[in-house]
Amino acid sequence: MLKLPVPKRETPMAKINLMSKSRYIKRTIALIAPPLVVHSLPATTWFFPFTQRFFPDLMGVTKAGRAILTFDDGPDPVSTPKVLQILKENNVHATFFMLGSMVEAHPNLAHAVAQAGHEIALHGYEHRNHLFRSTRTIIYDLTKAKEIVETATGVKIRYYRPPYGVISIGTLIAARKLDLKIRLWTTWGRDWRASATSESVISDLMRHGIGGSTILLHDSDCTSAPGSTWSTIGGLKKLMDFANLNKIELSPITIDQ
Ligand SMILES: [Zn+2]
């Protein structure tokens, strides 16, 4: 009896192909993911709410009746004096994370911020994402910025906030080498956007309440949409009114200035 060849069934082969393809993809991801995660995980920590629970010091979680007020990217001769004036009128002190390049251009203004009793902190020399910089470059950037800011203000810098809140392995090594504590934020006014208004800034800040938070605003638009600091200034006035009304103490990171 003639035996006809059994036709090959496509399904099992297709399954095998699919399986091997998915196994290949999984294996590739398994090989690539760990170094990527190791490099970028700290950079993404502030995206996730759980980071405030597991990294409260890094994020700047504080007690309920207090909010830490911080400004990035200054000092700026156009907007920083306006911010200083509002703070003075409300008897509030804040922490200014200064850019070395801005302090180099405006050393007297940096000195005036320190003289007004505000805490001076570091935001690096160049405002560039650390994921794309080598450890050596980051160490050079921070060392240069620290020296410029300390010379202009006469203050020893303790805190550092990397540009965009991005922390790479190089950031950690550089901060440790220079004895700087990294401090991010828990709440922002998204005041850097062209579409920001004083109303959007205050409503963004209020989204989760400000008690117990570290607030991020910008006293310069040098890395933001031009003119966006007008929204910051409007939002800052509203923030002062809210804090006064609700008896929330606004302060720098280090209270005993
Ligand atoms: Zn910045």
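User: Glad to have a guide here. How many helices and strands are there in the chain?

Analyst: The chain has ten helices and eight strands; helices (H or I, at least four residues) and strands (E, at least two) are DSSP runs, numbered from the N terminus. This is a predicted model, where local features need pLDDT of at least 70, side-chain atom pairs count only at pLDDT 80 or more, and totals for chains, interfaces and linings use all residues. Residues are numbered from 1 along each chain as its sequence is written.

User: Why is Thr254 called partly exposed?

Analyst: A residue is buried if 20 or more other C-beta atoms lie within 10 Å of its own, exposed if 12 or fewer, and partly exposed in between, with C-beta atoms placed from the backbone. Thr254 has 13 C-beta neighbours inside 10 Å, so Thr254 counts as partly exposed. Thr254 sits in the segment after strand S8 (249-251). From Thr95, Thr254 is 159 residues away in sequence and 8.2 Å away in space, C-alpha to C-alpha.

User: What share of the residues of the chain count as buried?

Analyst: Of the 257 residues, 39% count as buried.

User: What makes the buried residues of H4 lie on the same side?

Analyst: In helix H4 (residues 80-89), the buried residues are Thr80, Val83, Leu84 and Leu87. They span an arc of only 100° around the axis, which puts them on the same side of H4; the arc is that of the directions from the helix axis to the C-beta atoms. Gln85 and Glu89, on the other side of H4, are exposed.

User: What covers the buried residues of H4?

Analyst: The cover includes strand S1 (66-72), helix H6 (107-115) and helix H10 (229-245).

User: Why are H7 and H8 called oblique to each other?

Analyst: The axes of helix H7 (residues 135-153) and helix H8 (residues 169-177) come within 8 Å and cross at roughly 40°. Axes are lines fitted to C-alpha atoms, for helices over the stretch in contact, and angles run from 0 to 180 degrees between N-to-C directions. Angles under 35 degrees count as roughly parallel, over 145 as roughly antiparallel, 65 to 115 as roughly perpendicular and the rest as oblique. H7 and H8 are therefore oblique to each other.

User: Which residues of H7 and H8 make the contact?

Analyst: From H7 come Thr135, Ile138, Ile139 and Leu142, and from H8 Ile169, Gly170, Thr171, Ile173, Ala174 and Lys177. Two residues are in contact if their C-beta atoms, placed from the backbone, lie within 7 Å.
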